[in-house]
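Open the model in your viewer and keep the sequence panel beside it.

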Amino acid sequence: MNWTLEVVVVPVSDIDRAKEFYADRLGFVVDHDTRIGDDVRIVQLTPPGSGCSVVIGRGAVPDMPPGSLKGLQLVVPDLEKARAELVVRGVEVSEIQVLGENPRPVPHPLDNVGFVFFTDPDGNAWGVQQISSRG
């Protein structure tokens with residue numbers, strides 16, 4: 001039996017500001033922006049190529065303090081290209097950091113150990129890791 005992670009709820013204080021950040025700055029696809037009355041709004045966004053989406057909203061999502069989610073991680077095949085894209089889109093992103101070392105040869109020296117970090121407007125913390133191929 002496969003168990004797949006499909007949605008992660010990201011707590012935000014301003015839905016429109018967060019939607020703009022995730023869609024326009026990060027390039028996530030807006031799957032839907034659903035309003036159910038005045039008190040319920042759910043926005044689902046998916047990173048390009050991902051099987052897992054993020055949901056922001058109010059009313060039908062768990063009540064968590066905005067900015068309290070830490071350690072979210074995206075994986076890309078080319079970290080240098082991904083970082084450059086984030087910079088062009090206006091995201092404040094760290095320099096590339098190498099954390100640890102690979103125990104065996106890998107196709108690219110940043111594979112598994114190369115990361116950059118950024119936060120959304122509320123302070124939810126994201127990492128981006130390079131993995132060019134999975135063996």
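Start with the cartoon, coloured by secondary structure. This is a predicted model, and its protein chain holds two helices and eight strands.

Zoom out to take in the whole chain. Along the principal axes, the C-alpha atoms fill a box of roughly 55 × 40 × 25 Å. Of contacts between residues at least 6 apart in sequence, 54% join residues at least 24 apart.

The accessible area of the protein chain is about 8,000 Å². Carbon and sulfur atoms account for 53% of that area. Of the 135 residues, 40% count as buried.

Colour by charge next. There are 12 positive and 19 negative side chains. How far apart do the centres of the two sets lie? The separation is 1 Å.

Hide the surface and turn to the core. The largest nonpolar core has 26 residues. Which of them touch the most other members? Select Tyr22, Phe118 and Trp126.

Helix H1 (15-25) and helix H2 (79-88) each supply at least two residues. So much for the helices; among the strands, S3 (40-46), S4 (53-58), S5 (72-76), S7 (114-119) and S8 (125-130) each do likewise. H1 gives the largest share, five residues.

Display the aromatic rings. The whole structure contains seven aromatic pairs.

Move to Phe118 and Trp126. Their rings are stacked, 6.2 Å centre to centre with 5° between the planes. Both residues are buried.

Ring pairs link Phe21, Tyr22, Phe28, Phe118 and Trp126 into a cluster.

Finish on Trp126 and show its surroundings. Which residues are in contact with Trp126, leaving aside neighbours within four places in sequence? Among them are Tyr22, Phe28 and Phe118, members of the ring cluster. Val10, Val54, Leu72, Gln73, Leu74, Val116 and Phe117 are in contact with Trp126 too.

Definitions and conventions:
Residues are numbered from 1 along each chain as its sequence is written. This is a predicted model: local features need pLDDT of at least 70, side-chain atom pairs count only at pLDDT 80 or more; totals for chains, interfaces and linings use all residues. Side-chain values use heavy atoms; hydrogens and water are left out. Helices (H or I, at least four residues) and strands (E, at least two) are DSSP runs, numbered from the N terminus. Buried means under 20% relative accessible area, exposed over 50%, partly exposed in between (1.4 Å probe, protein chains only). Contact means heavy atoms within 4.5 Å. Accessible areas come from the Shrake-Rupley method with a 1.4 Å probe; for residues, only the protein chains shown count as cover. Lys and Arg count as positive and Asp and Glu as negative; His and the chain ends are not counted. The place of a charge is taken as NZ of Lys, CZ of Arg, CG of Asp or CD of Glu. Rings of Phe, Tyr and Trp (its six-membered ring) pair if their centres lie within 6.5 Å; planes under 30 degrees apart count as stacked, over 60 as edge-to-face and the rest as tilted. A nonpolar core is a set of buried Ala, Val, Leu, Ile, Met, Phe, Trp, Tyr and Cys residues joined through side-chain atoms within 4.5 Å.
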